[in-house]
Amino acid sequence: MAVVDCGEGPDAVAARLTGRPVSAARARSGGLAEVTLADGRAVVVKHGDGVGAVRAEVAGLRWLAAAGAVPVPEVLGHDERWLVTELVPTGRPSAGAATRFGHALAALHASGAPAFGAAPPDGPRDAWIGRAPMRNEPGTDWPRWYAEHRVLPYLRTAVDRGILRPGEAAVVERVCERLPELSGPPEPPARLHGDLWSGNVLWGADGGVRLIDPAAHGGHRESDLAMLRLFGCPYLDRIVAGYQEAAALSDGWAERIGLHQLFPLLVHAVLFGRSYAEQALTTSRNFADM
């Protein structure tokens with residue numbers, strides 16, 4: 001369900017939500033706007049894609065910030081339709097920043113969550129990942145929770161929309177059945193960003209990394225790392241090395257990357273079509289009969 005903006009522009013939104021006059025505004029890609037306040041500060045204005053989207057993002061940003069590990073842009077104002085955050089000046093990725101980010105990401109995950117699927121405090125249970133709905137339903141057993149509340153809902157949607165055929169879906173269902181034996185040693189719930197592709201990693205001009213656009217929830221720490229690998233990230237080897245220095249991953253984690261990529265691949269199949277569904281099928285076949 002789309003959110004109606006009632007014709008209010010980003011400049012008016014920034015003035016209303018920050019209580020500051022505005023001197024300039026310009027559109028950016030992805031439905032964002034950059035607004036300069038009269039005091040010279042630059043802010044980003046973002047319109048929510050669906051009901052509860054802004055509330056979920058604000059709760060996620062604050063939950064991630066509360067860990068004191070990886071910085072996020074400061075929330076300067078919001079309502080049910082709009083979000084205003086500080087603008088982070090960006091720079092070039094570097095090996096040193098990547099290593100530090102790996103350390104910080106491990107600390108973020110270690111800050112924990114009450115359960116797998118736990119929503120951030122004050123965050124809605126019915127949240128979003130990008131423009132796809134995502135339900136945060138708590139669970140205690142990761143393989144069962146991941147199958148029931150991450151993989152299978154999007155698999156069913158893909159079948160219902162004709163993106164996948166029922167016969168093709170069977171191979172993904174087979175992987176879900178085998179998750180208890182494929183998922184590795186039990187892990188406690190980690191505090192996840194939840195949509196950690198490279199576009200949500202900001203390399204700051206100050207040499208630090210910030211995270212944006214979270215789909216934050218309690219999950220398995222390997223899921224964030226698998227998402228970074230799925231779409232590529234600068235200096236990923238250094239990020240992983242830094243992570244391992246801070247908190248060693250369980251044996252076999254690299255072989256499990258595909259399991260954790262099934263969820264984002266099916267989300268992308270639902271949003272963008274058949275090519276991602278084929279990637280999900282290829283990945284599933286690698287695990288179905290191991």
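Modeller: Helix 3 passes helix 6 in a right-handed crossing. This is a predicted model. Two packed helices are described by the angle between their axes and the distance between those axes. For helix 3 (residues 95-110) and helix 6 (residues 221-230), the axes come within 10 Å. They cross at roughly 145°.

Now find the residues that meet. Helix 3 brings Phe 101, Leu 105 and His 109. Helix 6 brings Arg 221, Asp 224, Leu 225 and Leu 228. Sort the contact of helix 3 with helix 6 by class, and you get four nonpolar, one polar and two charged residues.

Stay with helix 6. Is it mostly covered or mostly open? Helix 6 is mostly covered, with nine of its ten residues buried. The buried residues are Arg 221, Glu 222, Ser 223, Asp 224, Leu 225, Ala 226, Met 227, Leu 228 and Leu 230. Charged side chains such as Arg 221, Glu 222 and Asp 224 are in that buried list too.

Next, look at Phe 101 of helix 3. The largest nonpolar core has 74 residues. Phe 101, Tyr 154, Leu 211 and Leu 228 touch the most other members of that core. So what does Phe 101 itself contact, once its neighbours within four places in sequence are left aside? Phe 101 is in contact with Val 70, Val 201, Val 209, Leu 211, Leu 228 and Ile 239. A second core is separate and has ten residues, including Ala 14, Ala 33, Leu 37 and Val 84.

Follow the chain past helix 6. Then look at Tyr 235, in the loop between helix 6 and helix 7 (236-246). Tyr 235 has a phi near 55°, a positive value in a residue other than glycine. Tyr 235 has 38% relative accessibility, so it counts as partly exposed.

Asp 122 sits in the loop between helix 3 and strand 6 (126-129). The phi of Asp 122 is near 70°, again positive in a residue other than glycine. Is Asp 122 buried or exposed? With 67% relative accessibility, Asp 122 counts as exposed.

Gln 261 is in helix 8. Leaving out residues up to four places away in sequence, Gln 261 touches Tyr 146, Ala 226, Arg 229 and Leu 230. Its relative accessible area is 11%, so Gln 261 is buried.

Gln 261 also takes part in the contact between helix 4 and helix 8. The axes of helix 4 (residues 142-160) and helix 8 (residues 257-272) come within 8 Å and cross at roughly 25°. Helix 4 is therefore roughly parallel to helix 8. Helix 4 passes helix 8 in a left-handed crossing. On the helix 4 side, the contact residues include Trp 142, Tyr 146, Arg 150 and Tyr 154. On the helix 8 side, they include Leu 259, Phe 263, Leu 266 and Val 270. By class, this contact has twelve nonpolar, three polar and one charged residues.

Notes: Residues are numbered from 1 along each chain as its sequence is written. This is a predicted model: local features need pLDDT of at least 70, side-chain atom pairs count only at pLDDT 80 or more; totals for chains, interfaces and linings use all residues. Side-chain values use heavy atoms; hydrogens and water are left out. Axes are lines fitted to C-alpha atoms, for helices over the stretch in contact, and angles run from 0 to 180 degrees between N-to-C directions. Helices (H or I, at least four residues) and strands (E, at least two) are DSSP runs, numbered from the N terminus. Angles under 35 degrees count as roughly parallel, over 145 as roughly antiparallel, 65 to 115 as roughly perpendicular and the rest as oblique. A crossing is left-handed if the near helix is turned anticlockwise from the far one by less than a right angle, and right-handed if clockwise. Contact means heavy atoms within 4.5 Å. A nonpolar core is a set of buried Ala, Val, Leu, Ile, Met, Phe, Trp, Tyr and Cys residues joined through side-chain atoms within 4.5 Å. Buried means under 20% relative accessible area, exposed over 50%, partly exposed in between (1.4 Å probe, protein chains only).
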